Amino acid sequence: MLSAARFATTRIARANAPRAVNALGATRSMAIGDTFGAKEKVEEDRYIRAREQEIAEAKAKAAAAEANYKELEGMDKEKMAAKSAAMNEIADVLAQTGDV
């Protein structure tokens, strides 16, 4: 009787042991996979935020350059108008004196 119980217990233990190990290993690998996936998602989000920051900085620099260009363009027009007025005044003075 004792040997029959021992044989049945050993057989049941051997039959259930691989399933328990496989289930334990599968659960662990899934947990590692989930952790890796979460870390990968964090890295992707970090990269996206950094890229968006770079794009925003580039747009800000471009807007500042455009504003600077328009300011300089306006100053050039003012200088050209002042130069033209001075040239016209000199031409008028030379025409009056007959030195032309």
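Lys41 and Asp45 are four residues apart in helix α1 (residues 2-97), and are therefore separated by about one helical turn. Their side chains meet in a salt bridge with an N to O distance of 3.1 Å, where a salt bridge denotes a side-chain nitrogen of Lys or Arg within 4 Å of a carboxyl oxygen of Asp or Glu.

The model is predicted, with local features requiring pLDDT of at least 70 and side-chain atom pairs counted only at pLDDT 80 or more, whereas totals for chains, interfaces and linings use all residues. Residues are numbered from 1 along each chain as its sequence is written, and side-chain values rest on heavy atoms, with hydrogens and water left out.

The protein chain contains one helix and zero strands. These elements are DSSP runs numbered from the N terminus, a helix comprising at least four residues in state H or I and a strand at least two in state E. Of the 100 residues in the chain, 0% are buried. The accessible surface of the chain amounts to about 9100 Å², and carbon and sulfur atoms contribute 62% of this area.

Across the whole structure, the search identifies three salt bridges. Side chains of opposite charge can pair when their charged atoms come close. Besides the contact between Lys41 and Asp45, a salt bridge joins Arg46 to Glu43, with the closest N and O atoms 2.8 Å apart. Both residues lie in helix α1, three positions from one another, or about one turn of the helix. Arg46 has a relative accessible area of 45% and is partly exposed; for Glu43 the value is 45%, again partly exposed.

A further salt bridge links Glu54 with Arg51, the closest N and O atoms being separated by 3.2 Å. Because Glu54 and Arg51 are three residues apart in helix α1, about one helical turn separates them. Glu54 is partly exposed at 45% relative accessibility, and Arg51 is partly exposed at 40%.

Key: Buried < 20%, exposed > 50% of the residue type's maximum accessible area, 1.4 Å probe, protein only. Areas by Shrake-Rupley, 256 points an atom, 1.4 Å probe, with all protein chains shown as cover.
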